[in-house]
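Okay, thanks for coming, everyone. I'd like to walk you through one model today, so let me get it up on the screen.

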Amino acid sequence: MVGKNPGTYTSIKRDAQNRFAYMFFAPVASVAGWSYCRPVIAVDAPFLKSKYRGVLFVVVSKDANNQIFPLCFGVADSENNEAYIWFFGEMRKVIQVRRELVFLSDINQSIANEIRKVFPEAHHGICLYHFEKNLKQRHAKVTVFNLDSMLFRINSEGIEFIVDLKKRTCDCLEFQLDELPCPHAIAAINKRYLQKSNYCSNWYSRETWLKTYEGHVNTVGDQKSWDIPQNVQSEITKPPDVEILQGRRQKKRHIPATESVPFKSTKCSRCKQAGHNRTTCLPSPAPHPYSKKHIEKYSNLQ
């Protein structure tokens, strides 16, 4: 069962040997604030580099300012079906299951399987951020033609889009999916000299953003001030059984093939040009050891 202290919802699962297996943790303030965020949840599980290894389950959403809003966390030995079905089961007990709930994750099949079991009413999508981050732009050179008082044909780089300000739709689908004006809708709004904020969803309003952070996350405080029940204090949870691998631990994460890595160009310290280093520098060859510069340097030492 999920227990509640003054500031958090917590739950721990032990194995038959009373060893630590899974942990669930959710700040009460985050659970209360999530009702003012869009019903979109992102799930990921990065690896832990501590002594006992394992993975850290991270569940976040986005607030009205489009910033990351932490919702709940968990720890497990690895990403597997058993760990995910327990974690999602504890999360369902805590969060409010909302209409049109959407989960976003990577292509991990365990996540997809257990979301389908625990949240059958929710939708699950694969995050395509790394594919689309270079395609999504909020600025575009467009030509606007009035078809109606609220209906416009937008020509952007040779492609035509129909924008309906009354229905808040655009052929690019960005306007109706994000519930924010896309570049084509912005052009139509400017044509009519209207307020862009009137075409933004209430999820992005200042009032919604303030309500998201109304709750307080209580601090743990000094250990001497802790009030621990006797039945909890007497319990001893053993650490998980882990296999300590030989060799140096990995410090850098594996970069997937779908993620673009910025190319770092080398720069010569001698001629200050990019594309080579001082060893292979041709425009400015290395000075002769008996040049005037070196003679003055060594004469000062004598």
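So, which residue does E114 form a salt bridge with? It's K117, and the closest N and O atoms are 3.9 Å apart. Keep in mind that this is a predicted model. The two residues sit 3 apart in helix α3, so about one helical turn separates E114 from K117.

α3 covers residues 109–118, and its buried residues are S110, I111, A112, E114, I115 and V118. What covers them? The cover includes β4, α2, β7 and β8.

Now take α2, residues 81–94. E90 and K93 make a salt bridge there, 3.1 Å from N to O. E90 is buried, with 6% relative accessible area, and K93 is partly exposed, at 48%.

Another pair is E100 with R99, at 3.2 Å, N to O. Here E100 is exposed at 52%, and R99 is exposed too, at 67%. The salt bridge count comes to 6.

Last stop, β7, residues 102–105, which is where you'll find V102. V102 is partly exposed, with a relative accessible area of 24%. Setting aside neighbours within four places in sequence, V102 contacts P39, V40, I41 and H123. And A122, 20 residues away in sequence, is 5.7 Å from V102, C-alpha to C-alpha.

Terms used
Residues numbered from 1 in each chain as written. Predicted model: local features only at pLDDT ≥ 70, side-chain atom pairs only at ≥ 80, totals over all residues. Heavy atoms only, no water. Helix = DSSP H or I, 4+ residues; strand = E, 2+ residues; numbered from the N terminus. Buried < 20%, exposed > 50% of the residue type's maximum accessible area, 1.4 Å probe, protein only. Contact = heavy atoms within 4.5 Å. Salt bridge = Lys/Arg side-chain N within 4 Å of Asp/Glu carboxyl O.
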